[in-house]
Amino acid sequence: HVQLVESGGGSVQAGGSLNLSCVFSGNTNCMGWFRQAPGKQRMEVASVDQTVRPYYSTFVKGRFTIARDNAKNAVYLLMDGLNLDDSAMYYCAASRNWCSRPMRVDYWGQGTQVTVS
């Protein structure tokens, strides 16, 4: 069984930066980040596993970086150049399998709020 706990969300001015963290327990392969704004569908932001290159959605590529540290059982989302459209609840996600397109999620974190103003 896998458990995920996100942290690092908060309020930031447009153009600013935030770093999100997700600490996980249990056996994971693909790790990813999703986000969901009110009234909108949850969308994949980025994902990475242990065998393939990271995936980034087109709307964050060049601004966000996903990083994984297995020694610390953590995955991070480093966000730069935030804009108003980035405001959302950000969720850490895990799959027991390699990353697929789209990512198949077996476990979700509780979410951490990011508000850009």
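Modeller: A residue is buried when its relative accessible area is under 20%. Over 50% it is exposed, and in between it is partly exposed. This model is predicted. Every value below is computed from it.

Biologist: How do you know whether Cys30 is buried or exposed?

Modeller: The relative accessibility of Cys30 is 0%. Buried means under 20%. Therefore Cys30 counts as buried.

Biologist: What makes the link between Cys30 and Cys99 a disulfide?

Modeller: The two sulfur atoms must lie within 2.5 Å. For Cys30 and Cys99, the S to S distance is 2.0 Å. Therefore the pair passes as a disulfide. Cys30 lies in strand β4 and Cys99 in the loop between β9 and β10, so the link ties together parts that are 69 residues apart in sequence. The angle about the S-S bond is 95 degrees, and this link is right-handed.

Biologist: How many disulfides does the structure hold?

Modeller: It holds two. Cys22 and Cys92 also form one, with their sulfur atoms 2.1 Å apart. The limit is 2.5 Å, so this pair passes too. Cys22 is in strand β3 (residues 18-25) and Cys92 is in strand β9, so parts 70 residues apart in sequence are tied together. Both cysteines of this pair, Cys22 and Cys92, are buried.

Biologist: Is the disulfide of Cys22 and Cys92 left-handed or right-handed, and why?

Modeller: The torsion about its S-S bond is about -85 degrees, so this disulfide is left-handed.

Biologist: What pattern do the disulfides follow?

Modeller: The pattern is 1-3, 2-4, with bonded cysteines counted along the chain.

Biologist: Now to charges. Why is the meeting of Arg35 and Asp86 called a salt bridge?

Modeller: A side-chain nitrogen of Lys or Arg must come within 4 Å of a carboxyl oxygen of Asp or Glu. Here the N to O distance between the side chains of Arg35 and Asp86 is 2.8 Å. Therefore the pair qualifies. Arg35 lies in strand β4 (residues 30-36) and Asp86 in the loop between β8 (74-79) and β9 (88-95), so the bridge ties together parts 51 residues apart in sequence.

Biologist: How do you know whether Arg35 and Asp86 are buried or exposed?

Modeller: Arg35 has a relative accessible area of 7%. Asp86 has 1%. Buried needs a value under 20%, so Arg35 is buried and Asp86 is buried.

Biologist: Which residues are linked with Asp86 in a network of salt bridges?

Modeller: Arg35 and Arg63 are linked with Asp86 in that network. The bridge from Asp86 to Arg63 has its closest N and O atoms 2.8 Å apart. Arg63 sits in the loop between β6 (55-56) and β7 (64-69), 23 residues from Asp86.

Biologist: How many salt bridges does the structure hold?

Modeller: There are three. One of them joins Glu44 and Arg101, whose closest N and O atoms are 2.6 Å apart. Glu44 is in strand β5 (residues 43-48), and Arg101 is in the loop between β9 and β10 (107-108), 57 residues away.

Biologist: What kind of peptide bond joins Arg101 and Pro102?

Modeller: The bond is cis, with omega about -5 degrees. Pro102 is in the loop between β9 and β10.

Biologist: What makes the phi of Asn73 worth a remark?

Modeller: Phi of Asn73 is near 50 degrees, a positive value in a residue other than glycine. Most residues other than glycine have a negative phi. Asn73 lies in the loop between β7 and β8. With 38% relative accessibility, Asn73 counts as partly exposed.

Biologist: How do you know that Thr112 makes a polar contact with Gly9?

Modeller: The backbone nitrogen of Gly9 is 3.1 Å from a polar atom of the Thr112 side chain. Thr112 is placed in strand β11 (residues 112-116). Its relative accessibility is 10%, so Thr112 counts as buried. Thr112 also touches other residues, including Leu20, Ala88 and Tyr90.

Notes: Residues are numbered from 1 along each chain as its sequence is written. This is a predicted model: local features need pLDDT of at least 70, side-chain atom pairs count only at pLDDT 80 or more; totals for chains, interfaces and linings use all residues. Side-chain values use heavy atoms; hydrogens and water are left out. Helices (H or I, at least four residues) and strands (E, at least two) are DSSP runs, numbered from the N terminus. Buried means under 20% relative accessible area, exposed over 50%, partly exposed in between (1.4 Å probe, protein chains only). A polar contact is a pair of N or O atoms within 3.5 Å; within protein, one must be able to donate a hydrogen and the other to accept it, and residues adjacent in sequence count only if both atoms are side-chain atoms. Contact means heavy atoms within 4.5 Å. Lists of a residue's contacts leave out its neighbours within four places in sequence.
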